Structures are given as structure tokens and as C-alpha cells.
Amino acid sequence: MFQLGYLCVIAFAAVPLARTFLQASRDNQIAFVHRLYRDAAYLLVAVFGIICLEIALHISLENYWFDELGQSHRFWVSIEYRVGIFLAILLLVGAFLSVNLRLLCRPLPVVPRSAPWIISFTTAGLAGFVATRLWIPLMRFFGAAPTGTVDPVFTKDLSFYLLALPLYDGIVNVVIAIFCITIVLWLVLGYIARSGSSAVIRHPDPNGAFHANQITLLPPQSWADQASWTRQGMMLAALLCLALGASRLLARYHIVSAGHSTVVAGASFADVNFWIPAYNLMVVCWLATALILMIAVLKPQLRVWLLSRRSHWLIPSAALAILFIGSFAVPAAIEAFYVAPNQITLEMPFLIRSIAGTRQAYNLEGPSVEEREFAVSSKPLTAADIERNTSTLQDARIWDWRLEPQLQQIQGLRPYYTFSSVDIDRYQIDSAERQVIITARELDVTRLPAPAQVWVNLALKYTHGYGVVAVPVNEIDSRGNPVLWAHDIPIVAKKNLSVTHGEIYFGELTNDRVYVRTTEKELDFPQGQANAETIYQGSGGIPISNLWRKLVFAREFDALPLFLSGYFTPESRVILRRNIVERVNTLAPFLTFDRDPYIIADSDHYSYILDAYATSANYPYSESYQGSLSALRGQNYLRNSVKAVIDAYNGSVTFYVFDQKDPITRAYEKILPEMFKDAREMPPNLRRHIRYPEDLFTVQAEMYGTYHMTNPTTLYNREDRWEVPHELDREMLPYYVTTKLPGSNNTEFLLMLPLSVAGKNQMAGWLAGLCDGENYGKMVAFRFPKGIFVDGPAQVESRINSDSRFSGYLTLWDQHGSRVIRGNLLVLPLSDNQLIIVEPIYIEAEQTKIPTLARVVLGQLLPDDRKIEWASTLADAEQLLVGARVTAQQTLNTEATGDTLEQVRSVFREMQQQLAAGNFARYGELLQQMQKLLWPQ
């Protein structure tokens with residue numbers, strides 16, 4: 001609708017321009033060009049009007065949305081900064097370009113007098129629009145406060161690098177771009193003016209036939225005009241040299257965070273002693289060039305002398321060029337021929353700086369980080385050990401993210417319901433804290449049948465998902481399916497997993513807009529043959545209360561239905577940006593968000609928690625991250641300073657600050673005090689669910705693998721580097737566990753990850769990120785003593801594959817019609833420094849793609865040894881591991897007859913059929929038959 005209207009306006013405004021072309025005159029050629037210019041102005045005014053309307057509609061929409069969230073202050077602050085930047089660029093750049101274009105167009109009578117001004121301010125407006133992205137660096141700059149920490153090279157406060165330097169870089173880049181654009185215009189218009197110009201105009205005669213007429217638009221340029229053009233070019237070149245000098249001056253400070261050395265993060269010996277002086281020389285070269293050009297502009301004698309002979313300007317230019325090239329070549333040569341042969345001696349103090357800077361930037365040292373020795377016990381597990389570690393083993397995870405297809409099958413309930421990613425959390429269940437897999441049942445309208453995908457259903461009827469499914473991480477029923485602690489619609493749930501409002505209007509998969517409080521009731525949830533209906537009672541949504549608001553929303557979507565539909569009332573609302581990731585990114589584009597939001601039940605309704613990070617690439621002497629998380633690559637400073645809580649029913653977003661020491665977040669708080677709350681204000685029902693974020697932990701683990709080496713010589717040689725281990729063909733991911741840390745009597749929920757010796761299948765230690773109470777945010781690093789060998793995850797996987805007790809079954813199950821899926825291998829610490837591994841084995845039918853738990857692998861890792869068992873349940877595997885008898889199975893029937901093997905094949909084929917059909921009850925019965933055949937009593 002709007003696009004058609006805009007096309008009509010533009011077509012109407014273009015009519016005078018088309019008429020002028022068709023009625024071109026042979027006489028006054030300059031007057032003809034002026035008429036073209038006048039008629040083109042009509043078109044420009046129409047386009048400008050459309051742009052203004054679009055801006056007004058967009059600002060209104062954003063204002064309504066921010067106001068809904070109670071964040072009007074945040075919106076208008078960003079508008080103030082953007083408008084301020086835009087106006088500053090518009091006025092300064094517009095005036096600068098206008099003066100230059102006016103000088104360039106003075107000898108061109110064909111160009112209307114107002115054209116330079118219009119072109120200049122239009123160009124400046126475009127530049128100002130692009131430069132508005134600097135509003136975030138500008139906000140950081142105005143919110144900056146000294147940290148008291150300075151870098152060892154320039155003694156600049158840390159706030160300069162994190163909060164001021166990005167703005168300076170942005171301003172200098174804009175200035176350089178403007179000067180380059182101006183010089184290009186100077187060259188193009190100067191070339192046109194010096195050569196003259198003519199054009200061929202085709203016009204109709206009274207009989208309708210077209211004739212060509214060549215007209216002279218520009219006479220050749222005079223000597224005086226050429227002198228003025230040359231002088232102007234020198235002035236522009238001088239200004240560009242000044243800007244390039246400023247850019248090189250700022251580049252010196254980037255050396256402190258990203259130097260030229262391959263072994264030092266930050267400024268190395270060559271950087272401090274040669275590259276920084278070289279950069280200073282480059283600055284002098286640019287300033288000297290600018291000074292010579294300025295003097296030539298002011299002194300005609302010098303200008304004439306420079307241009308009279310080629311050698312007069314070629315010799316000083318060559319000298320400056322040699323100095324400039326030498327500024328690059330000499331430090332590089334010194335580094336190659338002097339530093340490299342003596343590197344370990346010369347770089348020693350700078351390696352110390354790199355170690356300290358990197359560990360500080362990634363929060364790998366200080367009061368929140370503890371490093372301990374972990375001497376792996378050589379004592380085999382006993383039944384008493386199993387009993388003593390019940391709190392850990394009862395939450396040893398045998399279900400992981402592969403559970404999602406099975407939940408979709410048994411708890412999807414309707415085709416239009418789907419589950420987002422499964423999350424791990426802990427809840428108080430039956431007076432004990434238990435680890436739970438929880439996932440939201442969201443609405444996906446694309447799954448509706450095609451005839452049902454009409455506007456009323458998509459916009460008014462199907463508005464929200466409903467409820468969650470929660471599963472204890474290590475419990476299975478008799479059919480090999482997970483036990484459900486929260487399930488069905490209406491929701492049946494354990495006490496702390498139940499909520500009053502089960503509706504989910506905001507989620508990870510919810511991307512469309514909906515209208516609520518209309519005369520058409522919403523589908524609440526399916527109920528037998530009918531559907532329960534509801535009217536939204538939450539506080540979310542933007543009222544559609546007047547014509548302008550309808551126009552604003554019609555521009556964004558649903559143009560005609562908003563005006564033609566009879567379902568809307570004065571109470572109707574539209575709910576926008578229901579995807580929680582889009583929601584927080586729009587609210588806080590200056591923060592970087594974790595990949596994994598997780599849903600929690602907080603008694604009244606559901607909420608999502610999403611971790612947010614303050615990042616920078618300018619931290620002095622910190623190594624840039626180049627690991628597995630693409631969103632954080634290139635950054636060398638990371639803090640999980642903020643957590644966002646998004647209400648799944650109302651859509652409200654609250655930002656809680658957990659790190660008051662982070663200078664970047666403090667700057668945001670200073671400018672946007674109404675946007676952030678202190679972590680102490682987080683309600684207890686939310687606080688008990690905060691977790692150590694996975695992305696932060698992944699980055700810290702990857703960086704700690706190198707920077708656990710605090711001896712500079714060891715770091716230089718990389719002789720004790722650790723890495724994130726692999727399990728089979730994938731890199732191991734951090735995982736949440738419930739366990740007791742060595743030396744502690746309390747069971748804690750924590751995030752952990754083992755680390756291996758680089759290039760070897762040998763475990764070197766493990767990291768733990770604490771999540772509970774006052775310990776939240778602390779990290780503990782455990783390292784194994786030197787001289788012992790503990791199998792790494794890949795080595796454990798290899799031993800499982802090669803063990804004759806297991807390999808036969810893995811081969812049997814991994815045949816046509818089904819495949820074996822190896823779950824995540826978990827390494828768990830027990831009391832007395834005992835170390836165990838747990839890995840679930842699933843069977844998945846090719847047709848249904850639904851994994852079913854077949855076995856649980858349980859093993860103990862010992863110094864230079866290991867013991868591995870498996871069973872149908874974790875409890876049976878525990879008994880086997882400690883040498884107890886298990887009734888259900890003993891040893892593989894290696895003396896099976898041909899009839900027995902044929903029975904096994906027959907049962908296995910039927911198992912595949914039942915699994916493909918989703919008949920898990922029958923599948924469980926057949927699995928028991930298989931066990932009796934293969935493990936005779």
C-alpha cells in the first residue's frame with residue numbers, strides 16, 4: 001500500500017522533468033540546463049518528503065515500543081546522540097563541501113548557483129546518517145570514568161582504551177572519508193572544467209519527429225581558474241595529510257593491544273623501541289607534508305617554484321616517501337635480524353605483561369579465580385563411595401539435547417507446537433535440589449495446515465505457546481523414555497515447576513507479531529475435541545488507539561486489514577518483537593548476548609534469563625580471542641556484567657548488573673541509570689536460577705589453556721599448553737553438573753569442562769564455574785600432578801569402541817534402519833579426588849529420528865589405568881563398576897547357538913520396526929527379550 005503511494009507521488013513529481021526533456025529548445029542552452037535542474041528539484045522534494053514520512057513513522061513505532069517496555073529514556077537518549085551526530089556532520093561537512101564545490105563550480109556557468117549547496121548538504125546528510133552508528137562509542141565516551149589502572153607504555157588509563165579510543169578512531173575515519181570524497185569531486189570537476197563539455201539534446205519538431213542538437217555546456221577553463229583549482233587541491237591534500245597523521249597517531253595506542261609480534265600479545269620489544277618511534281616518524285612525515293602544502297597555498301612563489309620543475313616537488317616527495325617506507329621497513333628488519341635471534345631474552349618482560357594483561361582481561365585471576373592441585377585417586381570405587389556420592393550420581397546426566405525430538409513426539413500434542421533448545425537448570429524437588437532439563441512449548445504457526453494459515457489465525461487466533469516440559473536428567477521409565485516432572489496441557493508439574501500463567505507470548509522461536517484484546521478470542525490450549533480460549537490479560541503490547549498509530553503499524557505490516565478489519569477495539573494491542581533475542585538486542589545493542597537463553601518457572605509465570613557481555617578489542621597486553629565462538633572473535637576483553645530477564649507473558653525486560661567493577665558497564669549505567677538495576681535487586685525466585693554462562697566459560701577455558709602458564713619462558717615455548725578435548729568427532733562442550741568440590745561438604749551446581757594436554761589424549765585438569773549463592777561467578781581451576789597419565793575423553797571413547805564387551809552391540813545396533821548415537825561424555829569428580837565418566841548410548845530409528853536410551857557407560861579414571869562398565873541403567877552400571885552382581889545381566893553370551901543368533905536377529909528387526917513406528921512400549925519389551933538372549937541367567 002505504502003510502496004504504491006510512494007510510486008505515484010514520485011511519478012507525479014517527475015512529470016515536469018519529462019516535459020522539459022521532450023520540449024528541449026535550441027536557443028538558450030544554459031536556460032535549458034537550469035530548467036532541468038528546477039524540475040529535478042521537484043523530484044528531489046518528493047523523495048525528501050517520503051524520507052521524512054518514513055522517518056516519522058519509524059521513530060513513532062520505536063517510541064511506542066520502547067514506551068511499552070518502560071524504556072523511553074533509553075530511546076530518547078539514543079535519538080539525542082544520533083541527532084546530535086547527524087546535525088554536527090550535516091552542518092560541518094555540508095559547509096565544508098559547499099565552500100569547496102562553490103569554488104569548483106565558479107567557472108562553470110551552466111551549474112545553477114544553488115546546486116553546490118544542495119549537493120553538499122545532501123552528501124553531508126548521507127554521511128551524517130552513516131556516522132550515527134557512532135552513538136554507542138559517544139555514549140561510552142561521555143560515561144567514562146578513570147579506573148586507576150594504566151598501561152605500562154603510554155601510562156594511559158584503562159578507560160582511554162576501552163571507552164575513548166573507539167570514538168576517536170570513528171571520528172578520524174569519518175574525516176578521512178569526507179576529505180577523500182572532496183578530493184574525488186575536485187578531480188572530476190576539475191577535469192571537466194579543463195576540457196570543456198558539450199551534450200547532444202534530442203527534441204521533437206512540430207511534426208513529432210526528433211532531431212539531435214549539440215550544445216556547448218562548459219567553455220574551456222582559464223589560466224586563473226586553473227591556478228585556483230590547483231591551490232584548492234593543495235589545501236585539500238594538506239587536510240587529508242593532517243587526518244592521516246591523526247590516524248597514525250591513534251594507531252600507536254592500538255600497538256599496546258595488538259602489536260607486531262607473534263609471541264607477545266600487545267607491544268613487544270620491537271614495538272616499544274622501534275615501531276612506536278617509527279609511527280611517530282610517520283606522523284611527522286604527514287605533518288611535514290601538510291605544512292609544505294599549506295605554505296604552498298599561502299605563498300604563490302613557493303607554489304610556482306614547486307610546479308615549475310618536476311624535480312622541485314619530486315625530490316622532497318621522494319625524501320618523505322623514503323622516510324615513510326623506512327618507518328615500516330627498518331622496524332621489520334630489526335625484528336627479523338636482531339630481535340628474532342635473541343627473542344626469549346628481549347621479550348621476557350613483555351611476555352610477563354602479556355600474561356598479566358590476558359589473565360586480567362578474561363578474568364582468569366584475582367579473588368574470583370582459585371587454582372588448585374587435583375591428585376587423581378588410585379583407589380577403586382566401592383559401594384561405600386557410591387553411597388557417599390549419591391548427591392552427585394543422582395544428577396549424573398544421561399539425557400542431553402538429543403532429548404528434543406523425543407519430547408516433540410510425546411509432548412508436542414499438536415502439530416503447531418514445537419520445542420526450542422533444551423536447557424539445564426536446578427529446582428527444589430521433594431526437598432532436594434535436583435538437576436532438570438527444561439524446554440518451552442512454543443507456537444510455530446508455519447506448522448499449521450496451509451488452509452488454516454489465514455490472516456485471522458496468524459494474527460489474532462494463534463498467539464502463544466503453552467507450558468514447558470521438564471525432565472530429571474538421569475531418570476528413565478521402563479520403556480527407556482524420560483520421566484516427566486512437568487508435562488501436558490493443562491500443565492501437570494512438580495511444585496516448584498508449576499506456574500499460574502502457562503502462556504508463552506515471548507520465546508526463542510516466536511518471530512511474528514500478534515494482536516490481542518480483539519473481539520476474536522485467542523486459542524489458549526487444545527482441550528479434547530474443543531479448544532480453550534482466552535483474552536490476554538498481561539501488560540505487554542502497544543495500544544492501537546488512534547488513526548496515526550494504525551498508520552504506523554500498517555506501514556510495518558498488515559496494511560489493509562488494520563483499517564478494514566472489524567475485530568479491533570479501542571482496547572486492542574499489537575505485540576511486536578516477540579523473539580527474546582531480537583528484543584534484548586534492540587534494547588541493548590551495545591551489549592553482546594550469550595547464545596543460550598534459558599527458561600525458568602518463577603511460580604506466577606515463565607521468564608527467560610539471558611547473559612550479556614561487555615566486550616572490547618582494545619585492552620592493553622591482552623591476546624585477542626580467536627577460538628570456537630565466532631561472535632566473540634577479535635575481542636580481547638570480556639565481562640559477564642549484565643543478566644537480562646525477559647518475562648514470557650508480559651514481555652518486560654530487566655537488566656541486572658552483576659559486575660560493578662566493569663568500566664564499560666559503569667559507563668552505560670552513568671548515561672542510562674533507569675535501564676539497569678543492581679544484582680541485589682533481583683528477586684530470590686530468579687536469583688536461585690542464575691548460572692555461570694556457557695559462552696563466557698568456553699572463552700575462558702580456551703584462553704586458560706594457554707595462560708595457565710604464568711612462567712614467561714614456559715609460555716614462550718608453549719610447552720605446557722592445554723586445549724579443549726574432543727569426544728569422538730566433536731569438540732567437548734561445557735556441561736552443568738551437581739557435585740561436591742574437593743574439600744567442600746556442600747553439593748553445588750556448577751559448569752565444568754576437562755582440559756587435555758595439547759595434541760595428546762591425556763587429561764591435564766578441569767575447570768569449574770560456580771553458580772550457587774555467594775560463590776556465583778567464581779572459577780576454580782584444578783590441575784593434575786605432573787608425571788601421571790589420565791585418559792582424556794577421546795581416549796575413553798576409543799577404549800569403549802575397542803572393548804569386546806561393547807563393540808559387538810554397537811556394531812549390531814548401528815545397522816540398516818537404525819543408528820547408534822553416543823551422548824555427551826561427562827567427566828565427574830567425586831569425593832576423595834575420585835574421577836568417573838558417564839556416557840549415554842542411544843539408538844535412533846532412521847524413519848522417526850527419535851533417540852531411545854539403550855545403555856549407560858560408567859567408568860572410573862585412575863592414574864595410568866581405568867575401569868569401564870555399561871548397563872541399561874546408571875544404577876546397574878554403578879553396581880557393575882564396584883564389582884557387585886546385577887540380576888538383569890551378567891556377561892555376553894559368547895557361546896550362543898545358531899538358533900539363538902537367529903532369534904537375536906529376529907528380535908532386533910522387530911525392534912527397528914517398533915522404534916520407527918514410535919511404539920516405545922513394545923520396543924521396551926523387545927529390548928528386555930534381547931537382554932535375556934544375550935545375557936543368559
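This is a predicted model: local features need pLDDT of at least 70, side-chain atom pairs count only at pLDDT 80 or more; totals for chains, interfaces and linings use all residues.
Which residue in E21 is the bridge partner of Lys643? It is Tyr656.

Start with the strand itself. E21 covers residues 653–657. It is mostly covered, with 5 of its 5 residues buried. Its side chains point two ways. Val653, Phe655 and Val657 take one direction. Thr654 and Tyr656 take the other. Residues pointing either way are buried.

Now look at the neighbour before it. Strand E20 spans residues 637–647. E20 and E21 run antiparallel, joined by 5 bridges. Together they form a hairpin, with 5 residues between the two strands. In the turn sits Gly651, whose phi is positive, at about 80 degrees.

Next, follow the chain onward. From E21 it passes through helix H21, residues 663–671, to reach E22. This β-α-β crossover is right-handed. Strand E22 holds residues 676–678. E21 and E22 pair in the parallel sense, over 3 bridges.

Finally, turn to a surface feature. Ile10, Val47, Ile51 and Ile55 form a nonpolar patch there. Together they have about 290 Å² of accessible area. Helix H3, residues 29–68, gives the most to this patch, with 3 residues. Ile51 is found in H3.

Notes: Residues are numbered from 1 along each chain as its sequence is written. Side-chain values use heavy atoms; hydrogens and water are left out. Buried means under 20% relative accessible area, exposed over 50%, partly exposed in between (1.4 Å probe, protein chains only). Helices (H or I, at least four residues) and strands (E, at least two) are DSSP runs, numbered from the N terminus. Two strands pair if DSSP finds at least two bridges between them. A crossover is right-handed if, with the strands pointing away from the viewer, the path from the first strand over the helix to the second runs clockwise. Patches are made of residues with over 30% relative accessible area and no salt bridge: like charges are joined within 9 Å, nonpolar side chains (Val, Leu, Ile, Met, Phe, Trp, Tyr) within 5 Å. Accessible areas come from the Shrake-Rupley method with a 1.4 Å probe; for residues, only the protein chains shown count as cover. A salt bridge is a side-chain nitrogen of Lys or Arg within 4 Å of a carboxyl oxygen of Asp or Glu.
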